[in-house]
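Subject: Structure handover

Hello,

Here is the structure I said I would pass on. My notes on what was found in it follow below.

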Amino acid sequence: MAIVELLNVSKRYRLGEQDVIALDNVSLAIEEGVFLAIAGPSGSGKSTMLNLIGCIDTPSEGRICIAGNDVSGQTPDQLAELRARTIGFIFQTFNLLPVLSAAENVEYPLLQFAELSKRDRQKRVRKFLAMVGLRDFMDHRPNQLSGGQRQRVAIARALATHAKIVLADEPTANLDHKTGEGILRLMRQINRKSGTTFIFSTHDRRVMNMADRLVRVEDGQITKFGVQSGDGWVFVQDHTHDEDDPEV
Ligand code: ADP
Ligand code: MG
């Protein structure tokens with residue numbers, strides 16, 4: 001079953017006198033448990049697509065279903081609840097709270113769940129920080145951690161709510177290549193082990209090759225949809241315009 005479904009989704013932004021079409025009649029079904037990369041040049045609509053899937057933004061037209069919920073009819077409160085319980089976010093700039101320790105950053109989104117006791121929260125914090133290899137860095141503040149370690153804290157924070165879908169907008173863009181690859185490998189390992197659906201955007205060819213699904217976006221439209229098979233990508237849809245970049 002698809003955990004994310006976009007049906008004829010368009011997003012327009014008003015910019016002064018002009019309408020910018022960030023997404024243009026996009027339809028896409030994402031199966032539960034996949035590790036999906038969204039690739040495309042800057043300005044092609046990657047962040048817009050992630051923000052719509054994450055219910056941070058609403059479409060100008062079309063329908064979005066997340067984990068069986070049609071998002072269009074929902075109130076802001078219902079959307080906030082869906083976001084809090086179903087979706088985890090990872091950002092290019094990590095977005096950790098600088099005055100909080102690694103443990104407190106991971107605990108922070110759990111404070112909104114009244115059913116969790118302090119003990120339950122701390123158990124989750126320990127479990128997920130251990131999962132990302134930061135058991136010994138619980139008390140460190142973000143400025144006492146490297147970029148890669150900060151992104152690991154952000155991964156633990158995204159997972160600690162038991163999110164079904166983790167959305168990551170260019171999660172490796174502020175990391176050197178080797179660290180970025182390590183972050184992707186960690187996400188991939190968690191994806192395989194837990195079945196959590198990961199959807200991430202990237203520019204980096206080597207990083208996108210670690211995905212098992214690939215969506216190529218150009219000018220607000222999906223031009224390719226690929227499935228990773230044993231010996232490379234199989235493209236089930238291909239309307240690429242970008243001649244300079246035939247591989248993706
Ligand atoms: P990407 O993440 O692939 O770089 P975006 O989704 O951020 O692309 O942007 C897609 C298009 O929508 C771009 O032309 C961008 O300038 C425009 N856009 C994005 N957000 C806004 C906004 N809040 N207001 C106006 N235009 C926007
Ligand atoms: Mg972007």
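A67 is partly exposed, because its relative accessible area is 25% (buried means under 20% relative accessible area, exposed over 50%, partly exposed in between, with a 1.4 Å probe and protein chains only). A67 sits in the loop between β4 (61-66) and β5 (69-70), and its phi is near 50°, a positive value in a residue other than glycine. Helices (H or I, at least four residues) and strands (E, at least two) are DSSP runs, numbered from the N terminus.

Before the rest, some conventions. This is a predicted model, in which local features need pLDDT of at least 70 and side-chain atom pairs count only at pLDDT 80 or more, while totals for chains, interfaces and linings use all residues. Residues are numbered from 1 along each chain as its sequence is written, chains are lettered from A and ligands numbered from 1 in the order in which they are written, and side-chain values use heavy atoms, with hydrogens and water left out.

F94 also has a positive phi in a residue other than glycine, near 70°. F94 lies in the loop between β6 and α3 (102-107), and it counts as buried because its relative accessibility is 9%.

Strand β6 (residues 87-91) is largely enclosed by the rest of the structure, since four of its five residues are buried. β6 runs parallel to strand β7 (residues 165-169), and five bridges join them (two strands pair if DSSP finds at least two bridges between them). Within β7, A168 is the bridge partner of I90.

Just after α6, G195 takes a positive phi of about 75°.

The buried residues of α6 include G180, I183 and N191. L184, also in α6, counts as buried because its relative accessibility is 0%. L184 and M210 are 26 residues apart in sequence, and their C-alpha atoms are 7.6 Å apart in space.

Finally, the axes of helix α5 (residues 147-160) and α6 come within 10 Å and cross at roughly 20° (axes are lines fitted to C-alpha atoms, for helices over the stretch in contact, and angles run from 0 to 180 degrees between N-to-C directions). α5 and α6 are therefore roughly parallel to each other (angles under 35 degrees count as roughly parallel).

Regards

Technical notes:
Parallel < 35°, antiparallel > 145°, perpendicular 65-115°, else oblique.
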